[in-house]
Structure formats: C-alpha cells, structure tokens
Amino acid sequence: ASGYTGAELVRLLSRHPAAAIVALTADRKAGQELAGVFPHLAGVAAELALPVLTTPDELDWDGIDVAFFGLPHGTTHAVAARAPERVKLVDLSPDFRFADVATYSQWYGLPHGAPELQRQAVYGLSELRRAEIAQARLVGCPGCYPTASLLPLVPLVEGGLIEADEIIIDAKSGVSGAGRALKEASLFAEVAEGVHAYGIAGHRHAPEIEQAISLAAGQPVVVNFTPHLMPMNRGILASIYVRLKDGVNVADLRVRLAAAYSGEPFVRVLGEGQVPATRHVRGSNHALIGVFPDRLPRRAILLSVIDNLVKGASGQAVQNMNLMCGLRETAGLEQAPLFP
C-alpha cells in the first residue's frame with residue numbers, strides 16, 4: 001500500500017459501497033500509518049480507521065475475502081501461494097499475466113514461482129474477458145501500455161479488419177508508471193522539459209501485447225512497440241498505426257469499435273475528428289479511442305488514452321474485483337475525470 005497503485009486502490013476502495021479495507025502491507029514503510037506515507041489520504045485513513053502498514057509476512061488472512069497485490073515483479077508468487085483457497089486474488093504486477101511461464105521467465109529473468117497458480121489465472125482486461133474474470137479466483141491485471149493498446153486493437157484484429165502483423169504502437173506514459181521507488185531516471189531533472197524513448201525493441205509489455213493479439217488473430221504475432229516517458233505525472237497515450245485489409249476503410253474501423261464497446265461504462269469511441277487526450281481521462285477509469293485516416297493508402301491511426309494509475313492499474317483491478325464478486329461493475333469507479 002506504499003506505492004502509487006496502492007494509494008490509488010485505497011482512494012477508490014474508500015468509497016466502494018461493498019468493500020472494507022482490513023489490512024495494508026508495505027516493505028520499507030512497514031509499521032507506519034498510511035497518513036504519514038500519503039498525506040493526501042489522511043482524511044480517508046482517519047475516517048475509516050485504517051490499520052497500520054505491516055509486512056506481507058505478518059499478514060493475518062482471517063477476515064480477508066479479496067487481496068490486491070501491488071508488489072514488485074517476482075515477489076507476488078510466494079505471497080499468493082500462501083493465501084487461503086477461499087481468498088480471491090487480484091494481481092497488479094506482471095507475475096500472473098503470461099499464460100506461458102517460459103515467456104515470463106524469458107522477459108523478467110526469473111523462474112516463475114507459482115506455475116500451478118498460473119494455470120488458474122485469467123488475464124484481466126475487463127471489457128474483453130468479462131465472463132472468465134467473473135468465474136476466476138486469480139486475475140492477472142494487464143499493464144498500462146497493454147490496456148491502452150489492446151482496447152482498440154483486439155476488436156479490429158478479431159474482426160479481420162486490419163493486418164495483425166503490421167501493427168506499430170508508439171506510446172507515451174507519465175512518470176508514475178515507473179513506480180515510487182527512488183530511481184535516477186525518475187528524478188525531476190532527468191524527466192522535466194524533455195521526452196525520451198526507453199525499452200526500445202525490448203520493453204516487457206511487448207510480449208504481453210503480443211499474447212493478446214496472437215490470441216485474437218489465431219496465429220503468432222509480433223508488434224512494433226516503443227514506449228516514451230513524458231514530463232507528466234499520469235496518463236498513457238498510445239498512437240497506433242495499422243494497415244487495413246482489402247476492402248476495409250477507416251469508417252469500418254470506427255463502426256466495429258463502436259459496436260464492440262456499445263454500452264460499456266468506461267470505454268468510449270469518439271466521433272469523427274475528435275482527438276482524445278490524457279487530460280480527458282485523468283483520475284478516472286475511462287478509456288477514450290479515436291480513429292483517423294492516415295495519408296498513406298490503406299492505413300489508419302488509432303489514438304487511445306487512459307490514466308495509467310486507474311484504468312491502467314488500480315481502477316481496472318477494482319473493476320475486476322467487482323466482476324469476481326458479483327458486484328455492480330462500476331462500484332467505486334464512478335468518479336468523473338479531473339479537468340483541467
């Protein structure tokens with residue numbers, strides 16, 4: 001609970017009509033009050049009489065129905081394996097995102113610590129895996145870049161409207177995506193007044209995106225994915241360049257996406273000419289998608305925006321909890337975006 005996604009979970013769950021926070025864990029900040037770790041949550045901590053942060057090893061599982069994991073990669077396996085079978089598990093780390101444990105080991109440089117649990121895990125992209133999530137005990141929530149990328153891409157690949165092997169994703173993230181731990185690359189002087197690419201041709205979210213696109217395409221797919229760090233706190237903007245199948249036009253893409261997300265509470269496809277921006281979803285669980293013709297023939301540009309800490313992490317985790325527990329899917333997530 002001492003990281004950014006943990007703080008967002010507390011903020012969202014504090015107003016959830018069916019949730020009570022009964023335990024908070026941390027590592028370096030174990031033993032502290034949440035109000036001292038995150039002063040913006042001091043009022044929430046006092047109102048709800050939130051418990052002191054403890055280490056995961058000290059956690060008492062009695063009275064816990066659902067556990068959220070916001071731990072560094074490679075550390076969730078052991079803690080999740082100790083959880084009683086009755087407890088539903090929602091993991092925000094990458095530890096349960098990959099159906100193939102070998103892929104996880106290849107990209108994260110660690111052996112998978114709970115392959116037997118991985119066989120139970122459902123990939124938690126809420127809008128696209130709703131039925132499976134509702135029946136799951138363990139959900140591995142998607143990363144922020146994959147969430148922003150897959151929401152527009154999967155319906156188009158499944159519908160056979162675009163060439164699955166010619167996808168280019170140029171994505172930008174706010175600094176909070178790097179987590180709260182002290183890192184030289186996250187210092188103000190390293191981030192402010194500039195933009196830089198990182199993880200070029202080797203970012204760990206690429207195989208996660210490819211896993212979902214390959215499933216939608218029915219064949220192995222490799223994508224061109226390059227992330228960039230922006231001098232802002234929150235937000236993901238994915239600019240996605242696709243090649244249309246023969247006989248398909250840009251209007252067909254917009255119609256397909258609008259149909260796929262018709263009635264969805266959090267995903268909205270914008271009208272022709274409307275440009276989504278990260279400021280339009282800040283602090284919310286919403287995703288906005290825009291569709292544009294490219295100047296190049298048979299090509300189109302998709303723009304997708306989310307708040308990386310909400311729809312890209314904690315908000316989607318709460319949405320998945322709602323599905324897993326048979327609750328109203330929007331419970332605790334009704335906050336409108338902050339603007340400006």
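Asn322 touches His16, Leu327, Arg328, Glu329, Thr330, Ala331 and Leu333, where touching, or contact, means heavy atoms within 4.5 Å, and residues up to four places away in sequence are not counted. This is a predicted model, in which local features need pLDDT of at least 70 and side-chain atom pairs count only at pLDDT 80 or more, while totals for chains, interfaces and linings use all residues. Residues are numbered from 1 along each chain as its sequence is written, and side-chain values use heavy atoms, with hydrogens and water left out.

Staying with Asn322: the residue lies in helix α12, residues 310-324. Helices here are DSSP runs of H or I with at least four residues, strands are runs of E with at least two, and both are numbered from the N terminus. Asn322 counts as buried because its relative accessibility is 0%. For the cut-offs, buried is under 20% relative accessible area, exposed is over 50%, and partly exposed is in between, with a 1.4 Å probe and protein chains only.

What does the side chain of Asn322 reach at 3.0 Å? That is the backbone oxygen of Ala331.

Ser314 is buried, with a relative accessible area of 0%. Its side chain reaches the backbone oxygen of Thr5 at 2.7 Å. Leaving aside neighbours within four places in sequence, Ser314 is in contact with Thr5, Glu8, Leu9, Leu12, Leu92 and Leu309.

That brings us to helix α1, residues 4-13. Of its 10 residues, 7 are buried, so the helix is largely enclosed by the rest of the structure. Those buried residues are Gly6, Ala7, Glu8, Leu9, Val10, Leu12 and Leu13. Which elements do the buried residues of α1 pack against? They pack against α2 (34-37), α3 (42-48), β1 (66-69) and α12.

Next, Arg243, in strand β8, residues 236-243. Arg243 is partly exposed, at a relative accessible area of 23%. Its contacts, not counting residues up to four places away in sequence, are Leu161, Ile162, Glu163, Glu166, Pro297, Arg298 and Arg299. Arg243 and Ala300 are 57 residues apart in sequence, and their C-alpha atoms are 6.5 Å apart in space.

Now Glu85. Is Glu85 buried or exposed? Glu85 is exposed, with a relative accessible area of 59%. Glu85 sits in the loop between α4 (76-82) and β2 (88-91), and touches Gln120 and Arg137, not counting residues up to four places away in sequence. From Glu85 to Ser304 there are 219 residues in sequence and 37 Å in space, C-alpha to C-alpha.

Some backbone details. Glu193 is not a glycine, yet has a positive phi of about 60°. Glu193 is in the loop between α9 (188-191) and β6 (196-197) and counts as exposed at 82% relative accessibility. Ala201, likewise not a glycine, also has a positive phi of about 60°. Ala201 is in the loop between β6 and α10 (205-217) and is exposed, with a relative accessible area of 75%. A cis peptide bond joins Phe339 and Pro340, with omega at about 0°. Pro340 lies in the segment after α12.

Last, the chain as a whole. The protein chain has 12 helices and 11 strands. Its radius of gyration is 20 Å, close to the 20 Å that the globule rule gives for 340 residues, so the chain is as compact as a globular protein of that length. That radius is taken over C-alpha atoms, and the rule is 2.2 Å times the number of residues to the power 0.38. Along the principal axes, the C-alpha atoms fill a box of roughly 60 × 45 × 40 Å.

Of the 340 residues, 50% count as buried. Among contacts in the chain with a separation of 6 or more, 68% are between residues 24 or more positions apart.

Terms used:
A polar contact is a pair of N or O atoms within 3.5 Å; within protein, one must be able to donate a hydrogen and the other to accept it, and residues adjacent in sequence count only if both atoms are side-chain atoms.
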